[in-house]
Structures are given as structure tokens and as C-alpha cells.
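Student: Please take one part of this model and look at it closely with me: I would like to follow the charged side chains, together with the strands and helices around them.

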Amino acid sequence: MIVTVTANPSLDRLVVLGGPLQRGAVHRAAGAAADPGGKGVNVSRVVHAAGEGTVALLPADQGDPLLVGLSRLGVPAIPVAVGHEVRSNITVTEPDGTTTKLNAPGAPLAPEAVRALEDAIVTSADGAAWLALCGSLPPGLPDDWYARLAERLSGQPDGPRIAVDTSGAALAASAVRGVALLKPNAEELAELVGRGAEAGAEFENRAAAGDLAPVRDAAGELQRRTGGAVLATLGAAGALLVTAEGAWAATPPPITVRSTVGAGDSSLAGYLIAHARGATPPRRLSLAVAYGAAAAALPGTQAPRPEELAVADVRVIAL
């Protein structure tokens with residue numbers, strides 16, 4: 001069982017443009033959709049589509065449009081009542097794949113809702129293979145909330161492995177012992193090792209040119225700090241995995257990018273699916289990259305299905 005936590009979920013509204021986005025202009029959309037979203041929700045959607053067991057924990061009231069959407073997809077969810085509607089995020093995609101996101105901040109959680117969510121996490125994580133703590137934190141939760149949960153659960157005899165996919169101060173606070181997997185993108189990885197976010201573009205550009213040393217060194221530094229695995233996603237350049245056993249890099253299959261929203265979440269889901277099936281680290285990386293590429297080739301935040309993967313076209317090399 002792969003349990004996901006989305007502390008700040010969203011209803012993801014997609015607007016598809018027929019031409020380039022022009023600031024200040026009136027656009028007629030070529031298409032539109034609304035999907036249940038938030039990083040953990042996206043991971044659970046992919047895991048469910050792959051036929052693996054999952055449950056999505058999130059703060060939302062019964063009847064919320066996000067929960068209605070999950071129910072229609074058949075994705076199991078455990079909601080915690082909060083007394084307000086889940087935020088909406090807006091994604092605008094252009095024909096060349098350029099994606100613009102407008103994310104609402106979300107509403108603070110009342111103390112009783114936080115306690116109820118934590119209790120649900122502890123109960124659901126018992127005996128689970130993985131607990132994935134995903135996405136931004138709503139206003140009011142401390143930056144180390146994920147780290148506290150990891151410390152509380154990772155040492156239990158039947159406790160799950162902990163994966164964290166977040167950003168900013170919450171990610172920095174989570175780079176600690178007890179976290180089995182961190183999934184930063186290039187910008188987040190650069191920040192974690194003190195290089196500054198601008199170094200993330202350098203990581204991606206040099207990786208695309210075949211120079212993997214900078215991102216390998218940064219991910220290796222982070223792996224030694226946490227003792228867990230580091231899955232660094234590098235956009236069109238693929239991804240890099242560093243574990244205590246070694247380091248590997250993978251390049252994605254050729255695709256036409258339609259929306260990058262949820263691609264990193266799908267990569268994380270691919271890794272967790274592969275790990276749950278007993279796959280080797282290179283195979284986990286291969287499936288992670290295949291899932292990320294498949295997600296980027298789909299509009300909006302659709303969850304890629306196994307038949308949409310091009311795993312055979314992913315190239316993995318040992319570093």
C-alpha cells in the first residue's frame with residue numbers, strides 16, 4: 001500500500017489555448033477541464049491507474065468537488081473535514097507546451113483539523129510500504145511538519161518508508177535522517193546544497209549536454225546528509241537517482257510536451273510503484289522517467305496509464 005498525504009490539495013482547472021498567451025488580451029479557450037489535484041493526490045491517481053493499492057489523505061469536506069472527482073476515478077481517499085472548499089489552481093497551456101500556473105495559497109487548517117489529519121496519517125501508515133508527504137503546506141503549518149511526521153513514523157516497527165516531495169523551507173526541513181526518498185527538481189536540489197535556485201537551470205542545461213557531474217555531486221551530497229535515496233528530476237534532460245548503492249541517470253523517450261503539470265508527481269509515483277514491486281534502483285529510475293514523460297505528453301493533470309509508457313525507450317546509465 002502506498003499512502004499519500006496532500007496537506008494543501010487543489011481542484012486543478014486547465015485552460016487550453018489555441019495560440020500563444022498574450023498578457024492583457026482576451027483569449028478564447030480551445031478546451032478546458034477540471035481535475036482533482038495536489039501532489040499527493042496526483043501520485044495516488046497514478047498508483048491507482050497502475051493497479052497498485054493506494055489511499056489519498058487530504059483535508060476536504062464531504063461533497064467537495066475534489067472528492068467527487070476522486071470518487072469518479074475510483075481513487076480511495078480519506079478526507080478530514082475543514083469547513084471550507086478546497087482551493088482552485090489554474091493552469092494555462094499553449095500549443096508549444098508552455099505551461100503557466102496560477103496557484104491559490106489555500107486556507108489555514110484549524111488546530112482540530114490538523115490533529116485529525118495527523119491521526120489519520122498515523123493510522124493509515126501502519127503497515128504501509130510507503131508514506132508520501134507531498135506538496136506545499138497550507139498557511140499556519142510549521143515548515144518542519146513533514147519532518148516531524150517522518151521522525152514520528154520512520155522508527156516504528158511496522159512504519160512505512162517516508163518519501164517527501166515539497167519545496168522551499170518545507171523541503172529544506174525534510175532533508176533529514178529518517179526520510180527514505182527526497183524528490184527535488186533541479187532548482188530545488190540547487191537550493192538544498194546552497195547553490196541558489198538559479199543553479200538549477202545550469203544543472204538541467206549541463207545534464208542535457210551530457211555533463212552530469214554537477215547534479216550527481218549535488219544529489220550525492222544530499223544523499224549522504226539524509227542516508228536515503230535522492231530522485232532529482234531534470235525536466236527534458238530526464239532524471240538522476242542516487243542511493244547508498246550507487247548513482248544512475250536516465251534520459252526520457254521522445255515526446256511532444258502538452259503539459260508539464262503533474263509530471264514530477266508521476267515520476268515519484270513511478271519510482272514508488274517500481275520499488276513496491278521489488279525493482280532494482282536502475283529499474284525504479286527507468287519507470288520514474290517513463291511515467292514523467294508520459295504525464296508531460298498528456299493535457300492537464302491526467303494520470304498516465306501503464307499502456308501509455310515507453311519504458312523501453314528510456315536510457316539508463318550508471319554513473
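Tutor: Let us begin with the record, where UniProt positions are given in the numbering used here, feature names are shortened, and annotations may be inferred rather than shown by experiment. The model is predicted, so that local features need pLDDT of at least 70 and side-chain atom pairs count only at pLDDT 80 or more, while totals for chains, interfaces and linings use all residues. Residues are numbered from 1 along each chain as its sequence is written, and side-chain values use heavy atoms, with hydrogens and water left out.

According to the unreviewed UniProt entry, the annotation "domain: Carbohydrate kinase PfkB" covers residues 24-306. That span is 40% helix and 21% strand, and its end C-alpha atoms lie 40 Å apart; helices (H or I, at least four residues) and strands (E, at least two) are DSSP runs, numbered from the N terminus.

Consider R87 in strand 6, which covers residues 87-93. R87 is buried, yet it has no salt bridge, and D12, the nearest side chain of opposite charge, is 6.7 Å away. Here buried means under 20% relative accessible area, exposed over 50%, and partly exposed in between (1.4 Å probe, protein chains only); Lys and Arg count as positive and Asp and Glu as negative, with His and the chain ends not counted; and a salt bridge is a side-chain nitrogen of Lys or Arg within 4 Å of a carboxyl oxygen of Asp or Glu. The side chain of R87 does reach the backbone oxygen of A104, at 2.5 Å. Apart from neighbours within four places in sequence, R87 is in contact (heavy atoms within 4.5 Å) with several residues, among them N8, P9, N103 and S136.

Strand 6 also pairs with strand 7, residues 99-103, in the antiparallel sense over five bridges, where two strands pair if DSSP finds at least two bridges between them. Within this pairing, I90 has L102 of strand 7 as its bridge partner. The hairpin of these strands has five residues between them, and in it G97 takes a positive phi near 95 degrees.

Now turn to charged side chains that do form salt bridges, of which the count comes to 10. D165 forms one with K39, the closest N and O atoms being 3.6 Å apart. This pair links distant parts of the chain, 126 residues apart, since D165 lies in strand 9 (residues 161-165) and K39 in helix 1 (residues 39-49). D165 is buried at a relative accessible area of 1%, whereas K39 is partly exposed at 28%.

K39 also meets D265 in a salt bridge, at 3.0 Å from N to O. Here too distant parts are linked, with D265 in helix 9 (residues 263-276) standing 226 residues from K39 in helix 1. D265 is buried, with a relative accessible area of 4%.

Another salt bridge joins E221 and R225, whose closest N and O atoms are 3.8 Å apart. Because E221 and R225 are four residues apart in helix 8 (residues 213-226), about one helical turn separates them. E221 is partly exposed at 36% relative accessibility, and R225 is partly exposed at 35%. Finally, a network of salt bridges links R195, E202, R206 and D211.

Definitions and conventions. A polar contact is a pair of N or O atoms within 3.5 Å; within protein, one must be able to donate a hydrogen and the other to accept it, and residues adjacent in sequence count only if both atoms are side-chain atoms.
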